Amino acid sequence: MWRKHIQAGNPMVRSECTTKATGKGQERVRMILEAAEIEFALNGFRGATVQGIADQAKLPKPNVLYYFANKEAIYNEVLSDIIELWNQELDDIHPDDDPAESLERYIRSKVEVSRKYPVACRLFSSEIIHGGSMLSASMKRATMDWVKEKTTVFQYWINSKQISGDIDPTHLLFLIWGSTQHYADYEFQVCSIMKRKRLRKKDYDLAADTLCKVILRGCGL
C-alpha cells in the first residue's frame, strides 16, 4: 500500500518524510506506516505510541522520529493515504465523461480498497465516528473541495438528463461511500452472515457487480 504512493511521489504525503525518504529511506517510511496502521488499529490514536510503532516496525524510535515529527504526523499520513486510495478513480472525471463508466469504475475501485485495505478503512471510519478531531484542517478543506468538484459534475449529468433528474448528487456520493465501505467496516458481520472465515475475491466481485447494477439502474443508467 505505502510503497506505491511513496515511490510515485504521492502529493497526499505532505510531511518532511517526502524530502528525507530516498533510497533506503523509502523502505523505512513504508515499514513505519504499515506498522502504524497496526498500532493504531490495536490501540486507537490515544493508546498508540511512537515507541509502539517503532516496535511494530522493528526500528529504533529515533529512526521513526527522523521521518515524522510526532504521532499526529504519522496518523495523518495513514489517513491521507486511505483518502487518496478511495478518491483516485474519481479524481479526473469531467462533465463530458460517460456517467455509467465513471460511476462503475469508482464503485468497483472502492470495493477493491475495502478488500485490500480493510484495516486502514476502519481506522478512517473510526476517526469520523469519533468526531474527526484528528483530521488536519488542510485534509478537511481538501475533502470539501473534492466533494464540491465531483458533485458539480454529477449535477451536470443530472441537468443534461444523463442521470435521472430526481437524484441528489451529494446523497448519491454518500450512498456509494457507505455501500462500498460496508465490506471493510462490517467485515466481521458480513463474514458471519455469509458463513465465511474470510471473504474471497469472488465475494467482493459479486458485491461490486450488485452495487453497480443497483446504483446505475437507480440513476437511470
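**Pocket, helices, cores**

Tutor: The largest pocket has a volume of about 580 Å³. A pocket is an open set of points on a 1 Å grid over the protein atoms alone, with protein on both sides within 12 Å along at least five of seven lines. The volume is the space filled by probe spheres set on the points, and grid points are joined across faces, edges and corners.

Student: Which residues that line the largest pocket are the closest to its centre?

Tutor: Trp 86, Phe 124, Ile 128, Thr 143 and Trp 177, out of 23 lining residues. A lining residue has an atom within 4 Å of a point. H6, H7, H8, H9 and H10 each give two or more residues to that lining.

Student: Where does this model come from?

Tutor: It is a predicted model, where local features need pLDDT of at least 70, side-chain atom pairs count only at pLDDT 80 or more, and totals for chains, interfaces and linings use all residues. Residues are numbered from 1 along each chain as its sequence is written, and side-chain values use heavy atoms, with hydrogens and water left out.

Student: How many helices and strands are there?

Tutor: Twelve helices and zero strands. These are DSSP runs numbered from the N terminus: helices are H or I with at least four residues, strands E with at least two.

Student: And how much of the chain is buried?

Tutor: Of its 221 residues, 46% count as buried. Buried means under 20% relative accessible area, exposed over 50%, and partly exposed in between, with a 1.4 Å probe and protein chains only.

Student: Take H9. What span should it have, and why?

Tutor: Helix H9 covers residues 137-159, which is 23 residues, so at 1.5 Å a residue it should span 33 Å. The expected span is 1.5 Å times one less than the number of residues. Its end C-alpha atoms are 33 Å apart, which agrees.

Student: What do the buried residues of H9 pack against?

Tutor: H6, helix H7 (99-116) and helix H10 (169-185). Among the buried ones are Trp 146, Lys 150, Phe 154 and Trp 157. After H9 comes Lys 161, with a positive phi near 70 degrees.

Student: Now H12. Which residues are buried there?

Tutor: Asp 203, Tyr 204, Ala 207, Ala 208, Leu 211, Cys 212, Ile 215 and Leu 216. An α-helix has 3.6 residues a turn, so residues three or four places apart point the same way. The buried residues of H12 pack against H7, H10 and helix H11 (187-193). Gly 220 follows H12, and its phi is positive, near 75 degrees.

Student: Switching to cores. Which residues touch the most other members in the largest one?

Tutor: Phe 40, Ile 74 and Ile 82, in a core of 33 residues. A nonpolar core is a set of buried Ala, Val, Leu, Ile, Met, Phe, Trp, Tyr and Cys residues joined through side-chain atoms within 4.5 Å. H6 gives the most to this core, with eight residues. Apart from it lies another core, of 28 residues, with Ile 107 and Leu 199 among them.

Student: What does Phe 40 contact beyond its sequence neighbours?

Tutor: Leaving out neighbours within four places, Phe 40 is in contact with Phe 45, Ala 48, Ile 53, Lys 71, Ile 74, Tyr 75 and Leu 123. Contact means heavy atoms within 4.5 Å.

Student: Last one: is Ser 125 buried or exposed?

Tutor: Ser 125 counts as buried, because its relative accessibility is 11%. Ser 125 is found in helix H8. Not counting residues up to four places away in sequence, Ser 125 touches Gln 181 and Asp 185.

Technical notes:
On a 1 Å grid over the protein atoms alone, a cavity is a set of points where a 1.4 Å probe fits but cannot get out, and a pocket is an open set with protein on both sides within 12 Å along at least five of seven lines; lining residues have an atom within 4 Å of a point.
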